[in-house]
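Please take a moment to look over the sequence and the 3D structure shown below. The paragraphs after them lead from a loop to the ligand, and then on to a helix and some single residues.

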Amino acid sequence: MLDFLGNLKRTHYCGALRASDAGSNAIVMGWVHRRRDLGNLLFLDIRDRTGIVQVVFNKEWEAAAHAKAEQVRSEFVVAVEGNVVKRQKPNRELPTGEVEIIATNLHVLNNAKTPPFPIEDEINAAEETRLHYRYIDLRRNKPHRNLSLRHGIVLEMRKVMDELGFIEVETPMLTRSTPEGARDYLVPSGRVHPGQFYALPQSPQIFKQILMIGGLDRYFQIVKCFRDEDLRADRQPEFTQLDLEMSFPRQQDIFEVIEKVMVRVCAIAGVTVTAPFPRMLYRDVIRKYGSDKPDLRFGMELHDVTNGFTPAQRQHLGIAGRAFAFAAPGAATFSRKQVDDLNQRGVGLGAKAVYTIKIEENGISSALQKSLGAESLREIAETVPANKGDLIVIVGAKETPPGNDPAALIAGQLRLLLGERLGLVDKTQWKFAWVTGFPLFEWSESDKQWVSAQHPFTGIVDEDLDKLESAPGEVRSKGYDLVLNGYELGSGSIRIHRQDIQERLFKALGLTQEQLRRRFGFFLDALTYGTPPHGGIALIAFPKTTAAQDLMADSPSEVDRPQLEELELMTAYPHLDRHNWALANLCDRLWNAVERETRDSDLPVGTSFQQAMSLILAKSDDDARAVIFLSKSGYGVQAAALSRSLIEAAINADFIELDPENRGNAFIKSLQDSNRRLAKRMKPHASTSEMQNLIKTAEDIQSESGWPRSLAQRADSLPKPNYLYDVAYFMVSQLIHSDISATAGRLSEGISGQFRLQVGPSNEWVAQALATCFIALHEVARVAFSAFGIDKAELERFVEDFRKLTSQFEAAGTS
Ligand code: ASP
């Protein structure tokens with residue numbers, strides 16, 4: 001009953017018909033937007049990308065077409081043949097409202113189920129439904145408009161870039177890691193290079209620099225970038241950038257290119273923007289706006305009011321570093337609750353406290369009055385400066401991490417919040433600005449080291465080069481950001497173009513010679529073959545927000561086991577219990593802390609105790625890693641089995657600790673040369689008598705060393721009860737050896753007496769494996785840290801977290 005398209009050719013777009021078309025024949029194609037049946041007369045509104053046109057079916061004139069039109073419903077796909085005529089009563093709401101089509105023929109090309117929501121400009125279907133049925137949502141006018149605007153913008157960008165002599169070059173997508181400070185999305189090479197990965201580019205940074213070295217002079221690309229980051233309002237896993245790079249540029253030249261692009265692109269979007277954009281120093285915007293991407297659409301600037309407090313007062317209030325304040329106009333009327341709320345926000349952002357001063361008609365009032373005195377309050381009010389009716393908001397920081405002014409940053413957040421709340425932000429304005437003079441490094445609290453504030457190819461201010469190693473926190477970069485209304489729209493820099501400086505920078509970032517050769521060797525080499533000074537920038541062309549999920553295609557999604565196996569991948573178990581994840585993360589943190597203190601550093605091995613502990617620690621460290629990996633992958637049984645070797649290591653550590661030198665020595669002896677020689681003699685197919693000989697030799701070595709042979713012997717000489725041995729070891733052993741499901745993988749008894757084999761990851765036993773791993777690794781680390789003289793405070797804090805987690809477990813009824 002459906003018609004074929006056949007040789008039918010569209011003559012007009014629905015939305016294009018105007019009074020001047022009256023009198024012509026037309027064939028339009030599209031969706032039935034609406035149907036109104038008045039008996040002899042039937043109206044169909046037909047919709048395509050360009051708009052809607054009204055079609056009239058008259059039963060008397062064209063009975064067949066009319067009969068067909070009676071059958072169609074909303075969203076059926078149709079082609080209409082007919083004559084365009086002027087309407088007697090034009091519809092002023094529609095661009096095509098002066099005409100209608102008198103149908104002679106109707107072709108029904110496809111039918112449609114009733115859509116989950118109507119196709120209208122403003123719909124109130126749930127976001128989730130709309131995203132799930134994205135193809136229906138897209139039929140609306142608004143997304144069509146947005147997509148054509150986007151097309152127009154990209155086209156304009158290409159035009160401007162072309163006019164300015166830039167060449168568009170595509171760079172690889174399956175590539176190696178490009179450092180932009182996020183994590184990479186990895187693509188397993190799988191069959192062709194098992195165990196090796198491509199990374200999707202976080203940006204084409206290295207490639208565009210290579211193009212400059214290759215003499216391309218001016219490059220650009222409208223390019224997808226991929227960054228695995230924590231989700232934030234303006235971040236998403238894949239986004240499009242306008243990326244460019246030029247040779248021999250001054251900072252000024254790059255700014256001019258971008259200003260030209262922005263002016264032209266904004267014009268396409270109907271916004272008038274004037275260039276040049278103001279330029280501001282990082283230092284100043286932090287001090288004035290508490291942000292490196294200031295929203296300049298309103299005032300409420302910050303002021304340093306540290307001097308309003310004496311050192312003693314600051315100590316008394318417990319505030320560190322400098323204090324920042326701003327005056328919120330008209331907010332002196334804030335209620336107690338509103339003020340409390342502000343304080344809570346500030347504390348939530350990490351402030352020690354937020355203080356307020358109300359400038360009221362009859363004087364100043366503040367909770368600070370007692371500790372500071374009226375004179376200081378007046379001084380602060382003058383510094384800010386505040387008027388009658390204002391609320392002065394003062395932020396004091398809890399601590400002062402290197403290179404940071406937390407009080408200013410927190411005050412900056414509160415400024416944004418109050419700016420919105422007090423209606424001070426003029427939404428009609430587009431306030432662009434350039435920010436320069438960024439610090440080259442930023443202090444990473446988690447890594448306890450300086451990391452690149454931008455990416456590691458960012459140029460260094462010439463005068464600051466000398467401080468690269470001696471005072472990294474003071475070094476300024478040649479980086480710049482373009483900001484708009486509180487958002488970072490783009491960022492770039494004049495680059496390092498000399499190999500010696502690039503290498504020094506990598507070293508300052510803590511990369512060893514070997515690491516930097518492995519990761520960036522090719523690039524460092526390239527720099528030695530005549531690299532021109534160069535610089536560039538990338539603009540995020542279309543910022544938007546998503547939850548890194550596609551609800552229509554349902555991605556990301558799980559992958560079937562065969563596919564994983566083909567790629568030689570073992571992944572996190574997607575259904576791992578929430579508690580298990582928490583426990584795994586805690587184990588990770590412990591493991592990382594142990595690694596950080598011990599890996600790649602020269603551990604003292606002057607005493608037997610130290611020698612023994614470095615061996616035990618090294619092995620435990622690897623075993624723990626494996627237990628954690630297996631657990632996260634849901635291989636709980638296997639992880640639990642392996643965790644027994646960690647228990648043994650912990651018992652050994654405790655046993656040695658009671659008489660460190662003698663027992664450390666015995667332990668080392670039990671492992672030494674003779675043992676290695678013995679191992680060499682053990683062939684896979686040794687005869688029984690040969691084997692017995694070997695076993696005898698092994699026993700001799702053991703007894704000569706003085707190291708007690710069995711684990712029980714070592715455990716028995718430890719104080720009782722010994723949690724590790726008496727409880728954990730036996731529990732795990734018992735589980736491993738007595739339970740059918742453990743012996744056979746995973747068996748469950750569905751129908752009584754019948755076993756059902758389930759292969760693959762599950763939640764079972766993961767908790768036991770991880771808890772065992774935590775306790776045993778912690779114990780090994782504790783003894784090892786004593787042996788090496790490493791501070792144990794951090795280790796002790798983990799125990800608290802472990803207790804908390806396990807009690808949550810119990811409360812939740814999971815074990
Ligand atoms: N590659 C940088 C980014 O994507 C931009 C640049 O430095 O040109 O943020």
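**A walk through the model**

Pro-721 sits in the loop that runs between α23 (711-716) and α24 (723-738), where helices (H or I, at least four residues) and strands (E, at least two) are DSSP runs, numbered from the N terminus. The peptide bond that joins Lys-720 to Pro-721 is cis, with an omega of about -10 degrees. The model is a predicted one, in which local features need pLDDT of at least 70 and side-chain atom pairs count only at pLDDT 80 or more, while totals for chains, interfaces and linings use all residues. Residues are numbered from 1 along each chain as its sequence is written, and side-chain values use heavy atoms, with hydrogens and water left out.

A cis peptide bond also joins Val-384 and Pro-385, here with an omega of about -25 degrees, and Pro-385 belongs to the loop between α11 (374-383) and β16 (391-397). Such details deserve a second look because most residues other than glycine have a negative phi, and most peptide bonds are trans. Glu-75, in the loop between α1 (63-71) and β4 (77-86), has a positive phi near 75 degrees although it is a residue other than glycine. With a relative accessible area of 4%, Glu-75 is buried; buried means under 20% relative accessible area, exposed over 50%, and partly exposed in between (1.4 Å probe, protein chains only). Asp-217, which is not a glycine either, has a positive phi of about 70 degrees and lies in the loop between α5 and β9 (218-226), but its relative accessibility of 33% makes it partly exposed.

The ligand comes next. Of the 13 residues around the ligand, those that come nearest are Glu-180, Gln-205, Lys-208, His-455 and Arg-495, a residue being near if one of its heavy atoms lies within 4 Å. A polar side-chain atom of Glu-180 is 2.6 Å from a nitrogen atom of the ligand, and a side-chain N or O atom of Ser-203 is 3.3 Å from a ligand nitrogen atom. On the side of oxygen, a polar side-chain atom of Gln-241 lies 3.1 Å from an oxygen atom of the ligand. On its own the ligand has 270 Å² of accessible area, and the protein covers 94% of this, as found by the Shrake-Rupley method with a 1.4 Å probe. At least two residues of the shell come from each of α5 (205-213), β21 (487-494) and β22 (534-540), and β22 gives the largest share, 3 residues.

Leu-694, Ile-701, Gln-702 and Ser-705 are buried in α22. Seen down the axis of α22, these buried residues fall within an arc of 95 degrees, so they line one face of the helix, the arc being that of the directions from the helix axis to the C-beta atoms. The face turned away from the buried side of α22 carries exposed residues, among them Thr-688, Gln-692 and Glu-704. Just after α22, Gly-706 has a positive phi of about 80 degrees.

Notes:
A polar contact is a pair of N or O atoms within 3.5 Å; within protein, one must be able to donate a hydrogen and the other to accept it, and residues adjacent in sequence count only if both atoms are side-chain atoms.
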